[in-house]
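Here is a friendly walk through one model. Please have the viewer open as you read.

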Amino acid sequence: MLTRRTALGQLGGAAVGFAFAGVSGQRARAADEIVVGSLLDSTGPINIYGLPMVDATKFAIDDINAYGGVVGKKLRLVEFDTQSNNQLYTQYATQLLLDNKVAVLMGGITSASREAVRPVVDKYGALYFYNEQYEGGVCDKNVFCTGVTPAQQIGNLVPWAVQEHGPKFYTLAADYNYGHISADWMKVYLQKAKGDLVAQEFIPLDVVDFGSVIQRIQSAGPSVVFSLLVGGNHIAFYRQFAAAGLNKKIPIVSPTFGLGNEQIVLKPEEVEGLTVIYPYFQELDNATNTKWVAAWRERFGANYPYITDSANTVWNGWHLWALAANKAASLEPAKVIAALESGLSFEAPEGAIKLDPQSHHVVHTVHLAKVNNNKGFTIFKTIDNVEPSDTKDVCNLIAKPDQHTQYTPKF
Amino acid sequence: MDLAAVTALGVLFSVATLALLSLGLAIIFGMMGVLNLAQGEFLMLGAYTVLVASSHGLSVWAGIVLAPIVVGLIGVIVERSIIRFLYGRPLDTMLATWGLSLVLVGAVTLTMGPTTEGVATPLGSFELGRYSVSIYRIVVIAISAGASLAVYLALRYTRAGLVARATMQVPQLVAASGIEPERVYMSTFGLGAALAGLAGSVMAPLTGVVPTLGLAFIAKIFITVIVGGPMVLIGTTSAASVLGVVESAVSYASTPIYGQVAMLTVAMVLLRLLPNGLSGLWRSGL
C-alpha cells in the first residue's frame, strides 16, 4: 500500500538512487544474475565499524563470483548506506526485499539496527545474516548470526582478567540494548569467576566528556575496568582515561575495543596493553589469512588501516550462504536454511569455523590479545572451538523451528 | 578532602569549557545580533586545524596558536561574502548560516573523510591525594580565563573596543567620525570566529574530531549566550558559571544524562523568571 508517508519518504530519501536500483534490478533478473542486498553504515558515528564491513562485502561477493557464483549465476550487490540511522534500516530492508527481491539480506551493525531489520525479514519470510559481534541470544529461524557472542568473548575474558588483575570490576557500557544485555552477561560470567562488580554505568552514545565517570572510577578503585563502550564519541573515554594517567594504573579489558579501529585513532602510549578478545586479528598466522590479507591489501591499498574482526565476519557470512545455496541448488529461503542447518564448515581467515545447526550461530576459536605499540594487536592466548553456549543452551531451532525471539540472561 | 578538590576542579573545568565555547558566539550573536547557526562549524574547523597541524609534524600548541588565525580569516571571508548582505534580517541570516554549516560539514567530510580522528592529550597528569588529574584540564581552565579576560579588557579599555561597541549601537555616529562601520563589522565578526577557532582547537585533544563535531555544541552555546542576556561578556560568563556548575555537579552526583537534563531545566526556569537573561539584573556593564 502506498501511503502518503511512504511516498514522501521515497521522494525525500533518495528518489534517484531508488529509481536506478529498481531499474537495474529488473535488468539484472533478465540477465540471469542473482541480486543480493547489504545494509551497512558508511556515514555517521557507527561508520567506524561500517567502513571495513562495506569493503569486506564487495570483496566477498567478487570472490564468490570469481569461483563460479551461486547455482551457476553471478551475484549482483545492491547496497544502501544506512547512515547510522535505525529508521533507514527498516525502510531499506523493506525496499530490498519487496522491490529488489534480494535472495539474501545481510547487514546491520549495532544490535538496535539488527532488531530494526529482523521483524521485516520475519514478516516476509526472507533470509537474513547478521555479521557482527553481538550480545547473543537471537533465536530466529530466518536469521543467522555469524559474529562472536558473550559466551565466546566475555566467558573467556572475565576469568582471565580476574586471575591476572584481580576480582573488582567496574563496567562501562553503551546505553542501548547491546550494552545492557552484555552487561548482564558480564555479571553472569563474573559470578562464575568469583569476581565482584563494584559498579556499572551506562553511557549514552553522544557523551564525549568522561570527567565525572573517570572520577567515580578512581573513587571506586577497581582492579579492572570492563569496557562495553561503542562508537566514535566513546573513543574520548580512552583518551581522557590516559590523560589522567590512569592507563598505567588500572587495566582495561574490552570485548568491543578495536572493532572500530580505536587503536589506530588513539596513540599507542594511550592504549598500549589494553586487552581484547576476538576470533580474528589481522596478525593471525595461518595460510588462509596470509593469502586473504595479501589479496585485501592488493585490492584496497597497501596502507589499509587494519582489517577488523567484523570484516572477517562479513566475509564468512557471505561464503556460508553461498556454500549453502550451492549445496541446496536453490535460492529458496527454506531450502537454503535446511542446507545451512546441515553442519557446514568453512575455512575462514580466522581459521576453521563450524555453523551450529540448532542455534544458527558459529563455533569460533578465540584469541586474547593486547594492543601493541604498532597500532595492532599481539595475541598471547588462544582458546579453541568455543561453543556459542549463551544461545545454544536455550535455543534449538531444529526441535522447535517456529521461533523468532531473542533470549537474554536470567538471574 | 582530595575528593572535594577533584570535584571542584571538575566543576571549574565544565564552567571554563562552556565559557570558552560560548565566547565567540557572545560576540557574534550577543554583541552583533547575527544568528550564526554555523558557529558550531567554526569550532569544528578549529579542531581540524590542530589535526592538520599535528599531521604535518607541528605540536598541539602550534595548532592551538594557528587555529584562531585560520578560523578568523575564514570568518572574515564569510562575513564579506554572506553575512554583510544580511544585517538586520535575522530569518534570512538563520537560513544562510544553516546552509553554510551544511556546506562546511560537507566540505570537511569530502576532504578529510567521515571518520573520527584525534590527537593525543599532551602534558600527562599529576597526583591529587588518591586521584590523578590530567594537567591539560588545568591548561584549558587557564586558556578560558585568559581569553575571557583579554576580550573584556580589549572591548572595555582599548580604542578599537570602544569603536566596536559604538558601531553596534549607533553606526551613523561612527561613520560621521570618519570610521567605516563596514570594516568594524567585518573585524568584529572575524574576532568572534577566531574565538570559536580557539575553543575548537583546545577541545580537539580531549575528544574525537569528526566533521559533525559542531552539532554537539551548537545548542549548548546558544542557550548559554541567551541565558546570559544583554551584557554579552558578564552575561555569558555568569551563565556559563551557573549552567556549568549545575551540569557538572549533577553529573558527578549521578550520571552525565541527568547532568544535561538538569542544565536544560535550569536554563528554562531562568529564562522564565528573567526573560532578559542573567545580566538583565545588572544596571550597566559589558
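## Overall form of chain A

Please keep in mind that this is a predicted model. Chain A holds 14 helices and 16 strands. Its radius of gyration is 21 Å, close to the 22 Å that the globule rule gives for 411 residues, so chain A is as compact as a globular protein of that length. The C-alpha trace of chain A spans about 65 × 45 × 45 Å along its principal axes.

In chain A, 53% of the 411 residues count as buried. Among the contacts in chain A with a separation of 6 or more, 73% are between residues 24 or more positions apart.

Where they touch, domain 1 of chain A contributes 13 residues and domain 2 of chain A contributes 15 residues.

On the domain 1 side of this contact, helix 4 (111–123) and strand 14 (361–371) of chain A each supply at least two residues. Helix 4 of chain A gives the largest share of that side, with three residues. By class, the domain 1 side that touches domain 2 of chain A has eight nonpolar, three polar and two charged residues.

## A helix with one buried face

Now turn to helix 13 of chain A, residues 333–340, where A:Val336, A:Ile337 and A:Leu340 are buried. Viewed down the axis of helix 13 of chain A, the buried residues fall within an arc of 100°, so they line one face of the helix. Their packing partners in chain A are strand 6 (143–145), helix 12 (309–328) and strand 13 (351–356).

## A hairpin in chain B

In chain B, strand 1 (residues 125–128) runs antiparallel to strand 2, and four bridges join them. The two strands of chain B form a hairpin with two residues between them, and B:Gly129 in the turn has a positive phi of about 60°. Across the pair, B:Phe126 stands opposite B:Val133 of strand 2 of chain B.

In a regular strand the side chains alternate between the two faces of the sheet. Strand 2 of chain B (residues 131–134) is covered on both faces: B:Tyr131 and B:Val133 are buried on one side, and B:Ser132 and B:Ser134 are buried on the other.

Definitions and conventions:
Residues are numbered from 1 along each chain as its sequence is written. Chains are lettered from A and ligands numbered from 1 in the order in which they are written. This is a predicted model: local features need pLDDT of at least 70, side-chain atom pairs count only at pLDDT 80 or more; totals for chains, interfaces and linings use all residues. Two residues are in contact if their C-beta atoms, placed from the backbone, lie within 7 Å. Ala, Val, Leu, Ile, Met, Phe, Trp, Tyr, Cys and Pro count as nonpolar, Asp, Glu, Lys and Arg as charged, and the others, Gly among them, as polar. A residue is buried if 20 or more other C-beta atoms lie within 10 Å of its own, exposed if 12 or fewer, and partly exposed in between; C-beta atoms are placed from the backbone. Two strands pair if DSSP finds at least two bridges between them. The radius of gyration is taken over C-alpha atoms; the globule rule is 2.2 Å times the number of residues to the power 0.38. The arc is that of the directions from the helix axis to the C-beta atoms.
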